[in-house]
Amino acid sequence: MKEITKNLSPDFLWGSASAAYQVEGAWDADGKSLSVWDKYVHIPGTTFKGTTGDIAVDHYHRYKEDVELMAEMGLKAYRFSVAWTRILPQGRGPVNEAGIKFYSDLIDELLAHDIEPLITLYHWDLPQCLMDEYGGWESRQIIDDFNEYASVLFKAFGDRVKYWISLNEQNVFVSLGYQLALHPPGVSDDKRMYRVNHIANLANARVINTFHDMVPDGKIGPSFAYSPVYAKDSNPINVLAAEKAEDLQSHFWLDVYLYGRYPKFALKHLTQQGIDLDIQEGDLALLKSAKPDFLGINYYQSNTAAYNPIDGVGRGEMNTTGKKGSSGESGIPGLYKRIENPFVERTNWDWEIDPTGLSIALNRLTSRYDIPILITENGLGEYDKVDEDGKVHDTYRIDYLESHVAAVNQAVENGATVLGYCTWSFTDLLSWLNGYQKRYGFVYVDKHEVEEGTLERLKKDSFYWYQDLIKVHSEQ
(Lines give C-alpha, C1' and ligand atoms only; values in the text may rest on other atoms or scores of the structure.)
Protein backbone atom coordinates (compact mmCIF):
# COMPACT_ATOMS: atom_id res chain seq x y z
CA MET A 1 0.00 0.00 0.00
CA LYS A 2 2.94 2.33 0.53
CA GLU A 3 3.59 2.40 -3.20
CA ILE A 4 0.12 3.66 -4.12
CA THR A 5 0.16 6.47 -1.52
CA LYS A 6 3.81 7.54 -1.54
CA ASN A 7 3.17 10.80 -3.44
CA LEU A 8 0.20 11.90 -1.32
CA SER A 9 0.74 14.62 1.29
CA PRO A 10 0.87 13.75 5.02
CA ASP A 11 -2.34 15.77 5.61
CA PHE A 12 -4.19 14.06 2.73
CA LEU A 13 -7.90 13.88 3.51
CA TRP A 14 -8.87 10.21 3.44
CA GLY A 15 -12.62 10.55 3.46
CA SER A 16 -16.00 9.19 2.53
CA ALA A 17 -19.23 10.88 1.49
CA SER A 18 -23.02 10.87 1.61
CA ALA A 19 -26.05 13.02 0.79
CA ALA A 20 -28.80 14.00 3.21
CA TYR A 21 -31.72 12.53 1.29
CA GLN A 22 -29.90 9.26 0.67
CA VAL A 23 -28.98 8.50 4.29
CA GLU A 24 -30.89 10.58 6.83
CA GLY A 25 -34.50 9.47 6.63
CA ALA A 26 -36.63 11.32 9.23
CA TRP A 27 -38.32 13.01 6.29
CA ASP A 28 -40.73 15.04 8.44
CA ALA A 29 -38.94 15.09 11.80
CA ASP A 30 -38.31 18.13 13.98
CA GLY A 31 -39.80 20.78 11.72
CA LYS A 32 -38.37 19.59 8.40
CA SER A 33 -40.51 20.41 5.35
CA LEU A 34 -40.88 18.52 2.09
CA SER A 35 -38.13 18.56 -0.51
CA VAL A 36 -38.75 17.89 -4.19
CA TRP A 37 -37.38 14.38 -3.68
CA ASP A 38 -39.76 13.69 -0.80
CA LYS A 39 -42.59 14.27 -3.27
CA TYR A 40 -41.06 12.87 -6.45
CA VAL A 41 -40.27 9.37 -5.14
CA HIS A 42 -43.93 8.81 -4.29
CA ILE A 43 -44.96 9.25 -7.92
CA PRO A 44 -45.46 5.71 -9.29
CA GLY A 45 -42.76 4.58 -11.72
CA THR A 46 -40.09 7.12 -10.80
CA THR A 47 -37.79 4.87 -8.75
CA PHE A 48 -36.75 1.22 -8.74
CA LYS A 49 -39.53 -0.76 -7.01
CA GLY A 50 -40.93 2.50 -5.63
CA THR A 51 -38.18 2.93 -3.07
CA THR A 52 -38.05 6.19 -1.09
CA GLY A 53 -35.81 8.03 1.34
CA ASP A 54 -38.51 8.35 3.99
CA ILE A 55 -36.39 6.20 6.30
CA ALA A 56 -33.30 5.70 4.11
CA VAL A 57 -30.65 4.20 6.44
CA ASP A 58 -31.83 6.33 9.39
CA HIS A 59 -28.59 8.26 9.76
CA TYR A 60 -30.59 11.07 11.41
CA HIS A 61 -31.13 8.90 14.47
CA ARG A 62 -27.97 6.78 14.16
CA TYR A 63 -25.31 9.36 13.34
CA LYS A 64 -23.36 8.69 16.55
CA GLU A 65 -23.14 5.01 15.68
CA ASP A 66 -22.02 5.87 12.16
CA VAL A 67 -19.39 8.37 13.34
CA GLU A 68 -18.10 5.77 15.79
CA LEU A 69 -17.55 3.43 12.86
CA MET A 70 -15.80 6.21 10.92
CA ALA A 71 -13.48 6.78 13.87
CA GLU A 72 -12.76 3.05 14.13
CA MET A 73 -11.79 3.08 10.46
CA GLY A 74 -9.49 6.07 11.01
CA LEU A 75 -11.35 8.28 8.56
CA LYS A 76 -9.82 11.75 8.22
CA ALA A 77 -12.81 13.49 6.58
CA TYR A 78 -16.53 13.01 6.13
CA ARG A 79 -18.40 14.83 3.40
CA PHE A 80 -22.12 15.22 3.99
CA SER A 81 -24.85 17.48 2.68
CA VAL A 82 -27.24 19.64 4.65
CA ALA A 83 -30.96 19.36 3.94
CA TRP A 84 -32.11 22.89 3.09
CA THR A 85 -35.58 21.87 4.32
CA ARG A 86 -34.29 21.17 7.84
CA ILE A 87 -32.73 24.63 8.12
CA LEU A 88 -35.31 26.85 6.39
CA PRO A 89 -38.59 24.90 6.16
CA GLN A 90 -40.16 27.76 4.18
CA GLY A 91 -37.15 27.96 1.87
CA ARG A 92 -36.21 31.30 3.43
CA GLY A 93 -37.20 33.28 6.51
CA PRO A 94 -37.43 31.68 9.96
CA VAL A 95 -34.58 29.33 10.88
CA ASN A 96 -35.48 25.93 12.29
CA GLU A 97 -33.22 25.63 15.32
CA ALA A 98 -33.80 21.88 15.55
CA GLY A 99 -32.23 21.52 12.11
CA ILE A 100 -29.26 23.67 13.09
CA LYS A 101 -28.82 21.55 16.23
CA PHE A 102 -28.75 18.26 14.32
CA TYR A 103 -25.94 19.34 12.02
CA SER A 104 -24.11 21.17 14.82
CA ASP A 105 -24.18 17.99 16.89
CA LEU A 106 -22.97 15.95 13.91
CA ILE A 107 -20.09 18.37 13.32
CA ASP A 108 -19.10 18.28 16.99
CA GLU A 109 -19.24 14.48 16.99
CA LEU A 110 -16.95 14.36 13.96
CA LEU A 111 -14.48 16.84 15.41
CA ALA A 112 -14.42 14.95 18.72
CA HIS A 113 -13.15 11.96 16.73
CA ASP A 114 -10.62 14.04 14.73
CA ILE A 115 -12.65 13.77 11.53
CA GLU A 116 -12.74 16.85 9.28
CA PRO A 117 -16.34 17.77 8.36
CA LEU A 118 -16.90 18.73 4.70
CA ILE A 119 -20.28 20.32 4.06
CA THR A 120 -22.15 20.21 0.76
CA LEU A 121 -24.66 23.07 0.61
CA TYR A 122 -26.87 21.55 -2.08
CA HIS A 123 -27.20 17.89 -3.01
CA TRP A 124 -30.42 18.12 -5.02
CA ASP A 125 -33.10 18.29 -2.26
CA LEU A 126 -34.68 21.64 -3.15
CA PRO A 127 -37.51 22.77 -0.84
CA GLN A 128 -40.80 21.79 -2.48
CA CYS A 129 -42.32 25.09 -1.36
CA LEU A 130 -39.91 27.01 -3.58
CA MET A 131 -40.74 24.75 -6.50
CA ASP A 132 -44.43 25.41 -5.91
CA GLU A 133 -43.96 29.16 -5.45
CA TYR A 134 -41.81 30.07 -8.45
CA GLY A 135 -40.47 26.95 -10.14
CA GLY A 136 -37.30 26.59 -8.10
CA TRP A 137 -34.22 26.81 -10.31
CA GLU A 138 -36.26 28.28 -13.17
CA SER A 139 -36.51 31.64 -11.39
CA ARG A 140 -33.76 34.09 -10.46
CA GLN A 141 -35.47 34.41 -7.09
CA ILE A 142 -33.60 31.26 -6.10
CA ILE A 143 -30.28 33.14 -6.25
CA ASP A 144 -31.30 35.23 -3.24
CA ASP A 145 -32.96 32.34 -1.43
CA PHE A 146 -30.02 29.98 -1.89
CA ASN A 147 -27.65 32.70 -0.72
CA GLU A 148 -29.78 33.31 2.38
CA TYR A 149 -29.81 29.58 3.19
CA ALA A 150 -26.05 29.29 2.67
CA SER A 151 -25.41 32.37 4.81
CA VAL A 152 -27.28 30.76 7.71
CA LEU A 153 -24.95 27.76 7.46
CA PHE A 154 -21.81 29.88 7.12
CA LYS A 155 -22.76 31.78 10.26
CA ALA A 156 -23.67 28.67 12.24
CA PHE A 157 -20.81 26.37 11.21
CA GLY A 158 -18.11 28.51 9.60
CA ASP A 159 -16.07 28.53 12.80
CA ARG A 160 -15.78 24.72 12.78
CA VAL A 161 -15.98 23.68 9.12
CA LYS A 162 -13.10 24.55 6.79
CA TYR A 163 -14.12 22.83 3.53
CA TRP A 164 -17.42 23.53 1.76
CA ILE A 165 -18.92 22.30 -1.51
CA SER A 166 -21.38 24.73 -3.08
CA LEU A 167 -23.38 22.72 -5.64
CA ASN A 168 -23.09 18.97 -6.11
CA GLU A 169 -23.08 17.77 -9.72
CA GLN A 170 -24.87 20.71 -11.26
CA ASN A 171 -24.41 19.06 -14.64
CA VAL A 172 -26.36 16.04 -13.40
CA PHE A 173 -29.25 17.67 -11.58
CA VAL A 174 -30.03 20.10 -14.41
CA SER A 175 -29.77 17.51 -17.19
CA LEU A 176 -31.64 14.69 -15.42
CA GLY A 177 -34.24 17.10 -14.08
CA TYR A 178 -34.89 19.29 -17.13
CA GLN A 179 -33.57 17.41 -20.15
CA LEU A 180 -33.98 13.67 -19.53
CA ALA A 181 -37.00 13.91 -17.18
CA LEU A 182 -35.53 11.35 -14.78
CA HIS A 183 -35.13 13.57 -11.70
CA PRO A 184 -37.45 16.24 -10.27
CA PRO A 185 -39.22 18.05 -11.79
CA GLY A 186 -39.33 15.47 -14.59
CA VAL A 187 -39.08 17.90 -17.51
CA SER A 188 -37.68 17.28 -21.01
CA ASP A 189 -37.00 20.69 -22.53
CA ASP A 190 -33.51 21.72 -23.67
CA LYS A 191 -34.28 25.44 -23.57
CA ARG A 192 -35.51 25.27 -19.98
CA MET A 193 -32.55 23.11 -18.99
CA TYR A 194 -29.95 25.55 -20.26
CA ARG A 195 -31.70 28.54 -18.66
CA VAL A 196 -31.95 26.66 -15.36
CA ASN A 197 -28.25 25.88 -15.64
CA HIS A 198 -27.35 29.54 -16.15
CA ILE A 199 -29.35 30.53 -13.06
CA ALA A 200 -27.60 27.77 -11.09
CA ASN A 201 -24.25 29.18 -12.25
CA LEU A 202 -25.23 32.60 -10.94
CA ALA A 203 -26.39 31.14 -7.61
CA ASN A 204 -23.12 29.24 -7.29
CA ALA A 205 -21.04 32.35 -7.98
CA ARG A 206 -23.04 34.47 -5.55
CA VAL A 207 -22.63 31.93 -2.75
CA ILE A 208 -18.90 31.58 -3.32
CA ASN A 209 -18.48 35.35 -2.99
CA THR A 210 -20.64 35.42 0.15
CA PHE A 211 -18.61 32.59 1.65
CA HIS A 212 -15.33 34.42 1.13
CA ASP A 213 -16.81 37.45 2.90
CA MET A 214 -18.19 35.45 5.82
CA VAL A 215 -15.61 32.64 6.21
CA PRO A 216 -12.32 34.18 5.03
CA ASP A 217 -10.23 31.31 6.40
CA GLY A 218 -12.32 28.58 4.77
CA LYS A 219 -12.24 26.96 1.34
CA ILE A 220 -15.14 26.43 -1.07
CA GLY A 221 -15.69 24.98 -4.51
CA PRO A 222 -18.34 23.26 -6.63
CA SER A 223 -18.38 19.50 -7.12
CA PHE A 224 -18.61 18.36 -10.72
CA ALA A 225 -19.33 14.90 -12.18
CA TYR A 226 -16.43 14.60 -14.60
CA SER A 227 -15.99 11.82 -17.14
CA PRO A 228 -13.09 12.42 -19.55
CA VAL A 229 -14.01 11.69 -23.16
CA TYR A 230 -11.89 9.48 -25.42
CA ALA A 231 -12.13 9.28 -29.19
CA LYS A 232 -13.14 5.88 -30.58
CA ASP A 233 -9.98 5.86 -32.69
CA SER A 234 -7.60 8.25 -34.51
CA ASN A 235 -10.02 8.88 -37.37
CA PRO A 236 -10.18 12.71 -37.34
CA ILE A 237 -13.99 12.69 -37.55
CA ASN A 238 -14.13 10.71 -34.30
CA VAL A 239 -11.45 12.84 -32.66
CA LEU A 240 -13.46 15.96 -33.50
CA ALA A 241 -16.59 14.31 -32.11
CA ALA A 242 -14.77 13.60 -28.84
CA GLU A 243 -13.54 17.20 -28.65
CA LYS A 244 -17.10 18.47 -29.07
CA ALA A 245 -18.36 16.04 -26.44
CA GLU A 246 -15.74 17.22 -23.94
CA ASP A 247 -16.74 20.83 -24.58
CA LEU A 248 -20.48 20.28 -24.24
CA GLN A 249 -20.35 17.75 -21.40
CA SER A 250 -17.60 19.26 -19.24
CA HIS A 251 -16.06 22.57 -20.32
CA PHE A 252 -19.53 24.09 -20.52
CA TRP A 253 -19.60 23.95 -16.71
CA LEU A 254 -15.97 23.94 -15.70
CA ASP A 255 -15.00 26.97 -17.79
CA VAL A 256 -17.74 28.94 -16.03
CA TYR A 257 -16.56 27.82 -12.58
CA LEU A 258 -12.90 28.55 -13.23
CA TYR A 259 -12.79 31.20 -15.97
CA GLY A 260 -16.19 32.87 -15.55
CA ARG A 261 -17.17 32.33 -19.18
CA TYR A 262 -18.85 29.79 -21.44
CA PRO A 263 -16.75 28.01 -24.11
CA LYS A 264 -17.29 29.50 -27.57
CA PHE A 265 -18.08 26.27 -29.41
CA ALA A 266 -20.79 25.35 -26.91
CA LEU A 267 -22.42 28.79 -27.15
CA LYS A 268 -22.33 28.64 -30.95
CA HIS A 269 -23.95 25.20 -30.91
CA LEU A 270 -26.74 26.39 -28.61
CA THR A 271 -27.37 29.44 -30.78
CA GLN A 272 -27.71 27.17 -33.82
CA GLN A 273 -30.28 25.16 -31.84
CA GLY A 274 -32.25 28.32 -31.08
CA ILE A 275 -31.34 28.21 -27.37
CA ASP A 276 -30.82 31.49 -25.52
CA LEU A 277 -29.34 31.40 -22.01
CA ASP A 278 -30.99 34.72 -21.10
CA ILE A 279 -27.70 36.30 -20.07
CA GLN A 280 -28.57 39.62 -18.48
CA GLU A 281 -26.56 42.70 -17.55
CA GLY A 282 -24.14 41.91 -14.76
CA ASP A 283 -24.34 38.13 -15.14
CA LEU A 284 -20.94 37.62 -16.74
CA ALA A 285 -19.29 39.99 -14.27
CA LEU A 286 -20.73 37.95 -11.38
CA LEU A 287 -19.53 34.68 -12.90
CA LYS A 288 -16.05 36.09 -13.41
CA SER A 289 -15.86 37.50 -9.87
CA ALA A 290 -16.34 34.14 -8.12
CA LYS A 291 -13.08 32.29 -7.48
CA PRO A 292 -13.33 28.73 -6.14
CA ASP A 293 -10.53 27.64 -3.79
CA PHE A 294 -10.61 24.09 -5.15
CA LEU A 295 -12.53 21.98 -7.61
CA GLY A 296 -14.51 19.01 -6.36
CA ILE A 297 -14.55 16.08 -8.76
CA ASN A 298 -16.90 13.12 -8.69
CA TYR A 299 -15.32 10.44 -10.86
CA TYR A 300 -16.96 7.13 -11.68
CA GLN A 301 -16.22 6.40 -15.32
CA SER A 302 -14.83 7.62 -18.62
CA ASN A 303 -16.74 8.09 -21.89
CA THR A 304 -15.82 7.05 -25.41
CA ALA A 305 -17.22 9.03 -28.33
CA ALA A 306 -17.63 8.57 -32.07
CA TYR A 307 -19.13 10.69 -34.80
CA ASN A 308 -22.91 10.60 -34.80
CA PRO A 309 -24.56 11.31 -38.16
CA ILE A 310 -27.50 13.71 -38.37
CA ASP A 311 -29.87 10.73 -38.55
CA GLY A 312 -28.00 8.95 -35.74
CA VAL A 313 -28.90 8.05 -32.18
CA GLY A 314 -30.45 10.46 -29.71
CA ARG A 315 -31.03 9.99 -26.01
CA GLY A 316 -30.67 6.40 -24.91
CA GLU A 317 -31.91 4.38 -21.96
CA MET A 318 -30.34 4.68 -18.53
CA ASN A 319 -29.72 1.41 -16.69
CA THR A 320 -31.41 1.79 -13.28
CA THR A 321 -32.22 -1.88 -12.77
CA GLY A 322 -28.75 -3.45 -12.55
CA LYS A 323 -29.40 -5.61 -15.60
CA LYS A 324 -26.03 -5.48 -17.34
CA GLY A 325 -26.15 -4.40 -20.97
CA SER A 326 -29.56 -2.74 -20.78
CA SER A 327 -28.28 0.73 -21.62
CA GLY A 328 -27.63 1.61 -25.24
CA GLU A 329 -25.78 4.24 -27.23
CA SER A 330 -26.83 7.87 -26.86
CA GLY A 331 -25.74 11.18 -28.28
CA ILE A 332 -26.50 14.34 -30.19
CA PRO A 333 -27.24 13.78 -33.90
CA GLY A 334 -24.72 15.53 -36.10
CA LEU A 335 -22.12 15.80 -33.30
CA TYR A 336 -21.23 12.73 -31.26
CA LYS A 337 -22.50 9.57 -29.65
CA ARG A 338 -21.34 7.72 -26.57
CA ILE A 339 -20.29 4.16 -27.36
CA GLU A 340 -19.03 1.18 -25.38
CA ASN A 341 -15.28 1.07 -24.77
CA PRO A 342 -14.04 -2.48 -25.53
CA PHE A 343 -10.87 -1.96 -23.48
CA VAL A 344 -12.48 -1.61 -20.05
CA GLU A 345 -14.89 -3.65 -17.93
CA ARG A 346 -18.36 -2.42 -16.95
CA THR A 347 -20.41 -2.70 -13.78
CA ASN A 348 -23.85 -4.30 -13.64
CA TRP A 349 -25.23 -0.78 -14.11
CA ASP A 350 -23.10 -0.35 -17.27
CA TRP A 351 -20.67 2.13 -15.73
CA GLU A 352 -17.20 1.72 -17.18
CA ILE A 353 -14.49 0.71 -14.72
CA ASP A 354 -11.50 2.80 -15.77
CA PRO A 355 -9.01 3.76 -13.04
CA THR A 356 -6.55 5.12 -15.61
CA GLY A 357 -9.33 7.50 -16.61
CA LEU A 358 -9.09 9.12 -13.17
CA SER A 359 -5.41 9.84 -13.73
CA ILE A 360 -6.24 11.21 -17.19
CA ALA A 361 -8.99 13.34 -15.66
CA LEU A 362 -6.69 14.82 -13.03
CA ASN A 363 -3.98 15.50 -15.62
CA ARG A 364 -6.42 17.24 -17.98
CA LEU A 365 -8.01 19.33 -15.24
CA THR A 366 -4.65 20.36 -13.82
CA SER A 367 -3.30 21.42 -17.21
CA ARG A 368 -6.43 23.38 -18.14
CA TYR A 369 -7.36 24.97 -14.81
CA ASP A 370 -4.33 24.71 -12.48
CA ILE A 371 -6.42 24.44 -9.30
CA PRO A 372 -6.28 22.09 -6.30
CA ILE A 373 -8.68 19.18 -6.70
CA LEU A 374 -10.66 17.38 -4.03
CA ILE A 375 -12.05 14.04 -5.14
CA THR A 376 -15.49 14.35 -3.61
CA GLU A 377 -16.84 11.02 -4.89
CA ASN A 378 -15.43 7.80 -6.30
CA GLY A 379 -16.82 4.34 -5.69
CA LEU A 380 -18.32 1.14 -6.96
CA GLY A 381 -22.03 0.40 -6.85
CA GLU A 382 -22.65 -3.35 -6.90
CA TYR A 383 -24.72 -6.21 -5.54
CA ASP A 384 -23.33 -7.03 -2.09
CA LYS A 385 -24.52 -9.94 0.00
CA VAL A 386 -23.90 -11.32 3.46
CA ASP A 387 -22.22 -14.72 3.03
CA GLU A 388 -22.82 -17.80 5.15
CA ASP A 389 -20.02 -16.77 7.50
CA GLY A 390 -21.94 -13.57 8.32
CA LYS A 391 -19.50 -11.31 6.44
CA VAL A 392 -19.51 -9.27 3.23
CA HIS A 393 -16.52 -10.19 1.07
CA ASP A 394 -16.46 -7.29 -1.41
CA THR A 395 -13.05 -7.96 -2.95
CA TYR A 396 -14.30 -6.37 -6.20
CA ARG A 397 -14.75 -3.06 -4.35
CA ILE A 398 -11.28 -3.30 -2.83
CA ASP A 399 -9.81 -3.90 -6.30
CA TYR A 400 -11.76 -0.95 -7.68
CA LEU A 401 -10.76 1.50 -4.95
CA GLU A 402 -7.14 0.35 -4.80
CA SER A 403 -6.66 0.89 -8.54
CA HIS A 404 -8.27 4.34 -8.33
CA VAL A 405 -6.11 5.40 -5.39
CA ALA A 406 -3.08 4.29 -7.42
CA ALA A 407 -4.32 6.50 -10.27
CA VAL A 408 -4.55 9.49 -7.91
CA ASN A 409 -1.02 8.79 -6.71
CA GLN A 410 0.19 8.70 -10.32
CA ALA A 411 -1.54 12.00 -11.15
CA VAL A 412 0.06 13.69 -8.13
CA GLU A 413 3.46 12.43 -9.29
CA ASN A 414 2.66 14.04 -12.65
CA GLY A 415 1.93 17.42 -11.07
CA ALA A 416 -1.68 17.44 -9.90
CA THR A 417 -2.53 18.88 -6.49
CA VAL A 418 -5.08 16.60 -4.83
CA LEU A 419 -6.34 17.57 -1.38
CA GLY A 420 -8.17 14.37 -0.56
CA TYR A 421 -10.14 11.35 -1.69
CA CYS A 422 -13.74 10.79 -0.57
CA THR A 423 -15.21 7.45 -1.45
CA TRP A 424 -18.88 7.07 -2.25
CA SER A 425 -20.06 6.05 0.23
CA PHE A 426 -19.38 5.25 3.90
CA THR A 427 -22.53 3.25 4.59
CA ASP A 428 -24.85 1.74 2.03
CA LEU A 429 -27.60 4.17 1.12
CA LEU A 430 -30.52 4.89 -1.19
CA SER A 431 -29.08 5.12 -4.70
CA TRP A 432 -31.63 7.66 -5.99
CA LEU A 433 -33.41 5.92 -8.91
CA ASN A 434 -31.67 2.58 -8.31
CA GLY A 435 -33.12 1.75 -4.89
CA TYR A 436 -31.19 -0.10 -2.19
CA GLN A 437 -29.88 -3.01 -4.23
CA LYS A 438 -27.04 -0.90 -5.65
CA ARG A 439 -24.62 -0.74 -2.71
CA TYR A 440 -21.57 1.50 -2.40
CA GLY A 441 -20.59 1.50 1.27
CA PHE A 442 -17.81 0.18 3.46
CA VAL A 443 -20.59 -0.61 5.91
CA TYR A 444 -23.41 -2.92 4.89
CA VAL A 445 -26.83 -1.74 6.04
CA ASP A 446 -29.62 -4.30 6.39
CA LYS A 447 -32.02 -2.33 4.22
CA HIS A 448 -33.76 -3.76 1.19
CA GLU A 449 -36.42 -2.85 -1.32
CA VAL A 450 -39.96 -2.02 -0.17
CA GLU A 451 -38.56 -0.56 3.06
CA GLU A 452 -37.70 -3.85 4.75
CA GLY A 453 -34.68 -4.61 6.95
CA THR A 454 -33.34 -4.08 10.46
CA LEU A 455 -30.93 -1.22 9.53
CA GLU A 456 -28.17 -3.11 11.36
CA ARG A 457 -24.66 -2.03 10.38
CA LEU A 458 -22.04 -4.61 9.31
CA LYS A 459 -18.44 -3.86 8.35
CA LYS A 460 -17.47 -5.23 4.93
CA ASP A 461 -14.01 -6.47 3.99
CA SER A 462 -13.43 -3.12 2.24
CA PHE A 463 -13.86 -1.38 5.62
CA TYR A 464 -10.73 -3.09 6.91
CA TRP A 465 -8.86 -2.48 3.65
CA TYR A 466 -9.47 1.30 3.85
CA GLN A 467 -8.59 1.24 7.54
CA ASP A 468 -5.22 -0.35 6.68
CA LEU A 469 -4.63 2.06 3.78
CA ILE A 470 -5.14 5.10 6.01
CA LYS A 471 -2.91 3.65 8.72
CA VAL A 472 -0.08 2.76 6.33
CA HIS A 473 -0.16 6.26 4.80
CA SER A 474 -0.11 7.94 8.23
CA GLU A 475 3.03 5.98 9.13
CA GLN A 476 4.97 6.94 6.00
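**A closed barrel and its surrounding helices**

Asp370 sits in the loop between α14 (355-369) and β13. Asp370 is not a glycine, yet its phi is positive, about 50°. With a relative accessibility of 66%, Asp370 counts as exposed. The model is predicted.

Now step back to the whole chain. The protein has 16 helices and 16 strands. Its C-alpha trace spans about 55 × 50 × 45 Å along the principal axes. A compact globule of 476 residues would have a radius of gyration near 23 Å; the protein has 21 Å, which agrees. Buried residues make up 60% of the 476. Take the contacts between residues at least 6 apart in sequence: 76% of them join residues at least 24 apart.

The barrel comes next. Eight strands close it, in the order β1-β2-β3-β4-β5-β7-β13-β14, with parallel pairing. On average, neighbouring strands of this sheet are turned by 25° against each other, direction ignored. Strands of a sheet pair through backbone hydrogen bonds, either parallel or antiparallel. One of the parallel pairs joins β2 (residues 77-81) to β3 (residues 116-122) over five bridges. Here Ser81 has Thr120 in β3 as its bridge partner.

Helices pack on this sheet. Helix α10 (residues 190-214) touches β3, β4 (163-168) and β5 (219-225), and its direction makes about 155° with that of β5. Helix α15 (residues 395-413) lies across β1 (13-17), β13 (373-377) and β14 (418-424); it runs at about 165° to β14.

Helix α11 (residues 236-259) deserves a separate look. A straight helix of 24 residues would span 34 Å at 1.5 Å a residue, but α11 spans only 28 Å between its end C-alpha atoms. α11 has a kink of about 55°, centred on His251. Of its 24 residues, 17 are buried, so α11 is mostly covered. Just after α11 comes Gly260, with a positive phi of about 75°.

Which backbone details remain? Most residues other than glycine have a negative phi, and most peptide bonds are trans. Ala181 is not a glycine, yet its phi is positive, about 60°. Ala181 is placed in the loop between α9 and α10. Its relative accessibility is 28%, so Ala181 counts as partly exposed. Pro185 also lies in the loop between α9 (170-178) and α10. A cis peptide bond joins Pro184 and Pro185, with omega about 5°. Another cis peptide bond joins Trp424 and Ser425, where omega is about 10°. Ser425 belongs to the loop between β14 and β15 (443-445).

Methods
Residues are numbered from 1 along each chain as its sequence is written. This is a predicted model: local features need pLDDT of at least 70, side-chain atom pairs count only at pLDDT 80 or more; totals for chains, interfaces and linings use all residues. Side-chain values use heavy atoms; hydrogens and water are left out. Two strands pair if DSSP finds at least two bridges between them. Helices (H or I, at least four residues) and strands (E, at least two) are DSSP runs, numbered from the N terminus. Axes are lines fitted to C-alpha atoms, for helices over the stretch in contact, and angles run from 0 to 180 degrees between N-to-C directions. Contact means heavy atoms within 4.5 Å. The expected span of a helix is 1.5 Å times one less than its number of residues. The bend at a residue is the angle between axes fitted to the seven residues ending there and the seven starting there. Buried means under 20% relative accessible area, exposed over 50%, partly exposed in between (1.4 Å probe, protein chains only). The radius of gyration is taken over C-alpha atoms; the globule rule is 2.2 Å times the number of residues to the power 0.38.
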